[in-house]
Amino acid sequence: MMRATGILVVLCLVAGHASAAAPAFDDVVEATMKPYAGPTAPGVDRKTLTGKVLCGYQGWFTAEGDGAERGWHHWGRGGRFEPGRCTIDLWPDTTELDPDERFATAFKHADGKAAEVFSSFNRKTVLRHWRWMQQYGIDGAFIQRFVGEVSHPKGLRHFNTVLGHCREGANRYGRTYAVMYDLSGMGGGRMHRVMDDWRRLVRRMHMTKDPAYLHHRGRPVVAVWGFAFSDGRRYTPAEGLPLVDFLKNDPAVGGCTVMLGVPTFWRTLQRDCVRDATVHTLLAKADVISPWMVGRYHTAEQARRHAETVWTADIAWCRGRGLEYMPVVFPGFSWHNMKPQSPLDQIPRRGGEFLWAQYAAARKAGATMIYQAMFDEVDEGTAIFKCTNDPPTGKSTFLTYEGLPSDHYLRLVGLAARMLRSRKPMPERMPDLYDKRRAP
């Protein structure tokens, strides 16, 4: 009797808490989830993934005073962003940003000036990013949507706002975009959170009817990243089966082309992949498979060998089952300030040769679409947007673009995208990006 009474008290408290929290969540939904009503410019073909290079867009950076009320989110550690307490290895180039886009930090440049960063919550900055995509010939982006974040009001407000900015940018600058759910950190038995959020996006924001939203095989594209990794995730591949069925077949909000972001060795169920035959059952129900590659090789030669031994067989597996394949490429990797035990510049960029080798190898293996990791990921040193060669000095050490122009990787990815769409073979060595005939 005491146990039953205790449970009843807990249930009443939980119900009261949920009731109290619901209006705040509902207020965020009401304020931030609306259909797009702005202009739309022509540009890339939004009806197909084929021939596309799409970046991952994290959009998770906030700053003190930006209106997001999240502090230095994803810049610092434990809410603090100061020398010796940061989680980024590249410093963004803010020279083109207007004063209302720049946020001063406690870091100092060598000349004593305060170092500044941007906020993804700022509409003007996000639109600038999409203008860069247009300028350099990058097709668009998968907008990351972190399930754990959008399940509470403050996170939902932030990521709805960023998604709205990205939607506007894609429309204004003739690019395309799609939602990518990231399941990282999610507990078991919570796939309904993805379903509920997708319902809101479709019903309230009319996401799949947006002129810039990416379609493939006549259906809107939605990606889900994070199934089958062998890093102790609490949800299982089996939990993905009803989710994929929902996204493809729900009579009200389904009818989607589903892409699944999976481990590198999903086909053999080894190394970074759980040894669970359900993985293949799940993947066979999807439409596009996108294996994560960041950190799996360290040199251009290793990347070429990986494409020959893994990507070629992966593509054959997919083709035999009517699936498509979107490999991930990355420019380099470093997360020293986030994980000090890891070396700075863990996977060197080598002036872009490392990234170019992956594009050439993917094309040779038969890939027709590429996921570029990542547009704005300075945390793990995979960003391709404009980063500075003049980062702050002091307790925290940062990478640079090795003296190359801050738009070097935007140029490289844009050129790779043009070559992917052409019928000409891609050269193994990176072409001259500064040939005036190639200028964006």
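**Note on the predicted model**

1. In helix α9, the buried residues are H408, Y409, L410, L412, V413, G414, L415, A416, A417, M419 and L420. The helix as a whole is mostly covered, with eleven of its 14 residues buried. Those buried residues pack against two strands, β1 (53-57) and β12 (370-372), and against two helices, α2 (123-136) and α8 (353-365). α9 covers residues 408-421 and reaches 20 Å from its first C-alpha to its last, close to the 20 Å expected at 1.5 Å a residue.

2. The largest pocket has a volume of about 700 Å³. Its lining is made up of 30 residues, and W225, W292, W335, E377 and E380 are those that lie nearest its centre. By type, the lining residues divide into 13 nonpolar, nine polar and eight charged. Strands β4 (140-146) and β5 (176-182) each supply at least two residues of this lining.

3. The second largest pocket has a volume of about 230 Å³. Helix α4 (residues 191-205) gives the most to its lining, with five residues. The residues that line this pocket are F25, V147, V150, S151, H152, P153, H192, R193, D196, D197 and R200. They divide into four nonpolar, three polar and four charged.

4. α3 is mostly covered, as 16 of its 20 residues are buried. The helix is followed by G174, which has a positive phi near 65 degrees.

5. F146 belongs to strand β4. Is F146 buried or exposed? Its relative accessibility is 12%, and it therefore counts as buried, since the limit for that class is under 20%. Leaving aside neighbours within four places in sequence, F146 is in contact with Q58, W60, F159 and D182. The C-alpha atoms of F146 and A373 are separated by 16 Å, although the two residues stand 227 residues apart along the chain.

6. A373 also takes part in a cis peptide bond: the bond from A373 to M374 has an omega near -15 degrees. M374 lies in the loop between β12 and α9; β12 is among the elements against which the buried residues of α9 pack.

7. H206, in the loop between α4 and β6 (215-216), has a positive phi near 50 degrees. With a relative accessibility of 36%, H206 counts as partly exposed. R350 is not a glycine either, yet its phi is positive, at about 55 degrees. This residue is placed in the loop between β11 (328-329) and α8.

Terms used:
Residues are numbered from 1 along each chain as its sequence is written. This is a predicted model: local features need pLDDT of at least 70, side-chain atom pairs count only at pLDDT 80 or more; totals for chains, interfaces and linings use all residues. Side-chain values use heavy atoms; hydrogens and water are left out. On a 1 Å grid over the protein atoms alone, a cavity is a set of points where a 1.4 Å probe fits but cannot get out, and a pocket is an open set with protein on both sides within 12 Å along at least five of seven lines; lining residues have an atom within 4 Å of a point. Grid points are joined across faces, edges and corners, and a volume is the space filled by probe spheres set on the points. Helices (H or I, at least four residues) and strands (E, at least two) are DSSP runs, numbered from the N terminus. Ala, Val, Leu, Ile, Met, Phe, Trp, Tyr, Cys and Pro count as nonpolar, Asp, Glu, Lys and Arg as charged, and the others, Gly among them, as polar. Buried means under 20% relative accessible area, exposed over 50%, partly exposed in between (1.4 Å probe, protein chains only). Contact means heavy atoms within 4.5 Å. The expected span of a helix is 1.5 Å times one less than its number of residues.
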